[in-house]
Amino acid sequence: MYRTFVLFLLISSTYCDSSTLNNHHFPKNFKLGAATAAYQIEGGWNEDGKGVHMWDWYTHTFPEKIKFNYTADVACDSYHKWEEDVKLLKNLGVSHYRMSISWSRILPNGTANNINLKGVEYYLNIFKALKEANIEPMVTLYHWDLPIYFHEMGGWYNPLLAKYFGEYARVCYKYFGEYVKTWITINEPQSTCLGGYAEGTKAPGYIHMGEGLYQCAYVHLLAHASAYHIYDKEFREAQQGRISIVIDSGWAEPASDSDSDVSAAQVERDFVLGIYANPIYNGDWPQAVIDNVAQRSYLEGFPKSRLPQLTQEEIDFINGTSDFFCLNTYSTNYITSGNKVNESIGDPSYYLDKGTSSFVDPSWPSDVQWVHLVPWGFRKLLKYVYEHFNHPEIFVTENGWADLTGQLNDTNRITYISEYLSALLDAHYEDGVNVTGYTVWSLLDNFEWTNGYTQKLGLVQVDFQSENRTRTPKDSFKWYQGVIEKRCLVEECIE
Ligand code: GBH
C-alpha cells in the first residue's frame with residue numbers, strides 16, 4: 001500500500017500536478033476507449049481482392065506530397081496482426097474500440113454489385129475477437145479511403161456519391177450489424193473538405209477555394225443522411241444499434257472581450273463546426289455562412305451564392321440524422337477579425353468568406369504545431385456543442401497528443417490526456433454537459449496522412465523499421481490502463 005502510494009506520488013509529480021485534476025469518478029456508464037482507422041494501420045493494400053482507393057492512388061502517384069515519400073502499403077500491418085491489436089486492447093481494458101472499414105476492401109470497385117467476401121471475413125474476425133474480449137466495436141464506414149472509381153467521378157464534389165455511399169453502408173449493416181451496434185457514417189468532413197477539396201493539402205489535392213469546401217460539405221451531408229435513413233428504415237428495429245457522424249473542431253476563443261473578436265469567434269465556429277453540425281442538429285447551414293457567402297458571391301459577380309442552397313426537402317432529409325454527437329478535437333485557437341465581408345473582393349475564397357484570423361498563445365505547450373495543451377478550451381467546446389446543437393449526448397471519438405519522437409516515456413501525452421479528461425469531468429459535473437465517452441487517438445503509432453510516420457500519437461509504439469512491426473506499449477498505455485481500472489484520475493476519487 002505504502003509502496004503504491006509513493007509510486008503514485010512519484011508518477012503524478014513527474015507527469016503533472018495531480019492536485020489540480022478533477023477528483024470525481026467517471027460516471028457509471030462512461031466509456032473509455034481507443035481509436036484507429038483502416039488506411040492508417042492495415043496495410044495489405046492490394047491483398048485478397050481489395051480495390052484501390054484515393055489514398056493508395058495519392059501516395060503512389062504523388063510521393064513528394066507525403067513526408068519522406070512514405071505510403072501506408074504496409075503501415076502497422078494490422079491486416080495480418082489484428083489479433084495482436086485486439087490483445088493490446090484487452091490488456092488496456094477499454095470498453096470500446098473505434099476502428100474503420102475500408103470501403104474498397106469490401107467493395108473493390110466501390111459499387112455494391114461485387115462483394116469481396118475475403119474483406120468481409122477480415123472484419124468479421126476482428127468483430128468476433130472483440131466480442132470475445134468484451135470490447136464494443138464503434139465502426140466508422142468512411143475514414144477517407146474513397147474507392148478510386150468514385151474519385152474519378154469527382155469524389156466528394158459529386159452528389160451521386162450519396163447514393164453509392166448508402167449502398168455501401170447497407171452492405172456493412174447487413175454483414176456486420178449482428179456485431180456492430182454503434183455506427184459512424186463519416187470521419188471529419190471538415191478535414192476532408194478543407195484539406196482535400198479546397199486547399200489541396202490532402203488527397204485528392206483539389207484546390208478550389210471558392211466552391212470546393214461548400215460543395216464537398218453538401219455532398220457529405222447528403223451521403224451521411226442517406227446512410228442514416230437506410231439504417232433507420234431497414235435495420236434499426238432488428239439490430240437495435242445507433243448511428244452518428246464524427247465532426248471535428250478545435251475551440252475558437254475570442255482574442256479579447258471586444259465585440260468584434262467575440263463575433264469573429266462565433267463566425268469561426270459557424271464556418272468550421274456549424275457548417276457540418278447545424279444542418280444535422282438544427283436544420284440548414286448556419287445563418288452567418290448563408291449571409292457571408294451570398295454577399296461576397298454577389299460582390300464577386302456570381303449569379304448565385306457559391307454555397308449550395310438547401311431545398312426544404314434536403315433540409316428535412318438531413319435534419320435529425322444523428323442519435324448522438326461524435327466529436328473529434330485536439331486544440332484551441334484565439335480568433336480575431338480579419339477582412340470585412342465586403343473587403344478584398346477578388347478571388348473567391350472560403351477564408352475571405354469567413355473573414356477571421358487565428359493564432360495560438362506561444363506559451364501553450366505543444367510538440368507539433370497543431371496540438372496545444374489547452375484543457376479549458378476543450379471544456380468550453382463541450383459546453384458549446386451541448387448548448388448549440390440541441391443538448392445532444394456527446395461522445396468524444398478522438399483526442400490525443402502528437403509528438404515527433406515516439407518515445408516510450410511519453411510524459412507529455414500523459415499530461416495532455418489527464419488534463420483533458422479532467423476538463424471533461426468538469427464539463428460533466430460542473431457544467432451539466434451530457435458527455436458519455438472518450439476515445440484516445442490512437443491505440444497505435446500509425447500513418448499520419450501527409451505527415452507519414454513522422455508524427456506519433458499512439459499509446460503503443462510501432463517499429464516501422466522492423467518487418468514484424470513490433471508493438472511496444474508506452475508509459476501512457478500503462479497510465480491509461482490504470483485510469484480505466486480505477487475510473488478516476490487521482491489517488492482517491494469521490495462519487
Ligand atoms: C484526425 O484528424 C483524423 O481523424 C485521424 O485520422 C488523424 O490520425 C488524427 O486526427 C491525428 O492527425 O501537421 O500541419 O500537417 C484531425 C485533423 C488535420 C489534424 C491535419 C492534423 C495535420 C496538420 N488533422 N493535421 S500539419
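This is a predicted model: local features need pLDDT of at least 70, side-chain atom pairs count only at pLDDT 80 or more; totals for chains, interfaces and linings use all residues.
Reader: In the pairing of β1 with β2, which residue of β2 is the bridge partner of Ala35?
Author: Strand β1, residues 31-35, and strand β2, residues 96-100, run parallel and are joined by 3 bridges. For Ala35, the bridge partner in β2 is Arg98.

Reader: How are α11 and α15 oriented to each other, parallel or perpendicular?
Author: The axes of helix α11, residues 259-281, and helix α15, residues 375-388, come within 13 Å and cross at roughly 75 degrees. Angles of 65 to 115 degrees count as roughly perpendicular. The two helices, α11 and α15, are therefore roughly perpendicular to each other.

Reader: Which residues of α15 meet α11, and how many residues of the contact are charged?
Author: From α11, the residues Gln266, Arg269, Asp270 and Leu273 take part, and they meet Leu381, Tyr384 and Val385 in α15. Sorted by class, this contact of α11 with α15 has 4 nonpolar residues and 1 polar residue, while the number of charged residues is 2.

Reader: Where is Pro204, and what is the omega of the cis peptide bond that joins Ala203 and Pro204?
Author: Pro204 has its place in the loop between α9 (189-196) and α10 (212-239). The peptide bond joining Ala203 and Pro204 is cis, with an omega of about 5 degrees.

Reader: What is the omega of the cis bond from Trp441 to Ser442?
Author: Ser442 is found in the loop between β11 (435-441) and β12 (460-462). The peptide bond that leads from Trp441 to Ser442 is cis, and its omega is near 15 degrees.

Reader: Is Ala75, which has a positive phi, buried or exposed?
Author: Ala75 is not a glycine, although its phi is positive at about 50 degrees, and the residue lies in the loop between α3 (54-61) and α4 (78-92). Buried means under 20% relative accessible area. With a relative accessibility of 1%, Ala75 therefore counts as buried.

Reader: What is the relative accessibility of Trp449?
Author: Trp449 lies in the loop between β11 and β12, and its phi is near 50 degrees, a positive value in a residue other than glycine. Trp449 counts as buried, because its relative accessibility is 6%.

Reader: How many residues apart in sequence are the parts that the pair of Tyr79 and Tyr122 ties together?
Author: Tyr79 and Tyr122 form a tilted aromatic pair, with 4.6 Å from centre to centre and 45 degrees between the planes. Tyr79 is buried at 7% relative accessible area, and Tyr122 is buried at 6%. Since Tyr79 lies in helix α4 and Tyr122 in helix α6 (residues 117-132), the parts tied together are apart in sequence by 43 residues.

Notes:
Residues are numbered from 1 along each chain as its sequence is written. Side-chain values use heavy atoms; hydrogens and water are left out. Axes are lines fitted to C-alpha atoms, for helices over the stretch in contact, and angles run from 0 to 180 degrees between N-to-C directions. Helices (H or I, at least four residues) and strands (E, at least two) are DSSP runs, numbered from the N terminus. Angles under 35 degrees count as roughly parallel, over 145 as roughly antiparallel, 65 to 115 as roughly perpendicular and the rest as oblique. Contact means heavy atoms within 4.5 Å. Ala, Val, Leu, Ile, Met, Phe, Trp, Tyr, Cys and Pro count as nonpolar, Asp, Glu, Lys and Arg as charged, and the others, Gly among them, as polar. Buried means under 20% relative accessible area, exposed over 50%, partly exposed in between (1.4 Å probe, protein chains only). Two strands pair if DSSP finds at least two bridges between them. Rings of Phe, Tyr and Trp (its six-membered ring) pair if their centres lie within 6.5 Å; planes under 30 degrees apart count as stacked, over 60 as edge-to-face and the rest as tilted.
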